[in-house]
Amino acid sequence: MVLGAAIFLLNAWLKFLKGERSQTFFKLIASNLIWLGIGFFSLFPNATHSVSQYLGFGESLNTFIFIGFVLVFAILFKIVNILERTERNISEIVRKEALSQIIK
Amino acid sequence: MEKLSKKIFIIIPAFNEATVISAVLREIKVAGYQNIIVIDDGSDDDTCAKAQQEVGVVALKHFLNRGKGAAAKTGIEAAKMLGAEVVVTIDGDGQHNPADIAKMLELIRQGNDVVLGSRLQNPQGMPLWKIVANHFGNFCTWAIYGLWVTDSQSGFRAYSKKAIKSIETKTDRYEYDSEVIREIHRNKLKFTETPIEVRYTKYSMSKVHKMNLKNGLKTLIKMAISG
């Protein structure tokens, strides 16, 4: 898990340093947070217990898994909304271009 | 109906139908309808060019494939621009018989806002798996959109001016047909169903981009999301 996290992190940094358009600064920060987090809790699994107690939850790992699922679903939902809006916009552009053929 | 003949538009969404589109257009013209709009939904072949060769046909082309629903919507918008009072949508693969248009128009004349062509009211020649799939599609359409019809997936429909103005759809692909059912329910449009003939030819059954299990599942998911 730690090795995997390290590989993904290194890949993200390499893409950013090469200046690849797909790797923005925001994506780099997000990648760091996610993969460093996964790596840290893989190395120090008991740390989840401390954080969970601090937050006032019960079983530590389940708490983080639960939070993780909630975050993933929230992000997925947002992405679906964005995709739907984009698809509608594309269709509108294609429609307007097609209808302009009538005027010609 | 003669008074309205100049205002009746036949809309044909078409995707890669170069093989049959000319024959479909001629058959519609022989049936007595001259205002025809073909929307080529980003075909790879020369569907649009073939349609343009037919005299009097308005042939428009989507520069990207957006789906049957998007093409139908473009066609209806085009018909509105050209002053349509009644619109009939019909598939471009020759499965529908233009002879059925007359009875749909008569039902519009009798005061209906939407006439839905129903294959299940006349399932002769319809493969069994399609009948089963249709029933399932009808059930899902009822469960999600609240209106029971006998053929929620038929593209052979007629719309009055009121229906053309009030129906607002957002979906682009096969889920469009079900979304129209939702709009009928939402706008409390007066609708009826009529049996239509469907011709299952070797050509139409061999088409790659048609409703099958995979597309059906995708349609169901999109219906659930668009709610």
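Q: What does B:Val87 touch, leaving aside its neighbours within four places in sequence?
A: B:Val87 is in contact with B:Phe9, B:Ile11, B:Ile76, B:Ala79, B:Tyr159 and B:Ile164. Contact here means that the C-beta atoms of two residues, placed from the backbone, lie within 7 Å.

Q: Before we go on, what kind of model is this, and how is it numbered?
A: This is a predicted model, where local features need pLDDT of at least 70, side-chain atom pairs count only at pLDDT 80 or more, and totals for chains, interfaces and linings use all residues. Residues are numbered from 1 along each chain as its sequence is written, while chains are lettered from A and ligands numbered from 1 in the order in which they are written.

Q: Back to the strand, then. Which way do the residues of β4(B) point?
A: In β4 (residues 86-89) of chain B, B:Val86 and B:Val88 point one way and B:Val87 and B:Thr89 the other, and all are buried. Buried means 20 or more other C-beta atoms within 10 Å of the residue's own, exposed means 12 or fewer, and partly exposed is in between, with C-beta atoms placed from the backbone. Strands are DSSP runs of E, at least two residues, and helices are runs of H or I, at least four, numbered from the N terminus.

Q: What does β4(B) pair with?
A: Strand β1 (residues 8-14) of chain B runs parallel to β4(B), joined by four bridges, and B:Phe9 has B:Val87 as its bridge partner. With β6 (residues 157-159) of chain B the pairing is antiparallel, over three bridges, and B:Val88 is partnered by B:Ala158. Two strands count as paired if DSSP finds at least two bridges between them.

Q: What's the order of the strands in the sheet?
A: The order is β3-β2-β1-β4-β6-β5-β7 (chain B), in an open sheet of seven strands with mixed pairing. β3 (57-62) and β7 (191-195) of chain B stand at the edges with a single partner strand each, so one side of each has no neighbour in the sheet.

Q: Which strand is joined to β7(B)?
A: That's β5 (residues 114-118) of chain B, which runs parallel to β7(B) and is joined to it by five bridges. B:Leu116 has B:Glu193 as its bridge partner there.

Q: Switching to B:Ile37: buried or exposed?
A: B:Ile37 is buried, with 26 other C-beta atoms within 10 Å. This residue lies in β2 (residues 36-41) of chain B. Not counting residues up to four places away in sequence, B:Ile37 touches B:Phe9, B:Ile11, B:Val58, B:Leu60, B:Gly75, B:Ala78 and B:Ala79. B:Ala78 is 41 residues from B:Ile37 along the chain, yet their C-alpha atoms are separated by 7.8 Å.

Q: How much of chain B is buried?
A: Buried residues make up 47% of its 227 residues.

Q: And chain A, how confident is the predictor there?
A: Its mean pLDDT (the predictor's confidence in each residue, from 0 to 100) is 82, and 91% of its residues reach 70 or more. Confidence is lowest in α3(A), at a mean of 73, and highest in α4 (residues 60-103) of chain A, at 88.

Q: Last one: how many residues does each chain put into the contact?
A: Twelve residues come from chain A and 17 residues from chain B.
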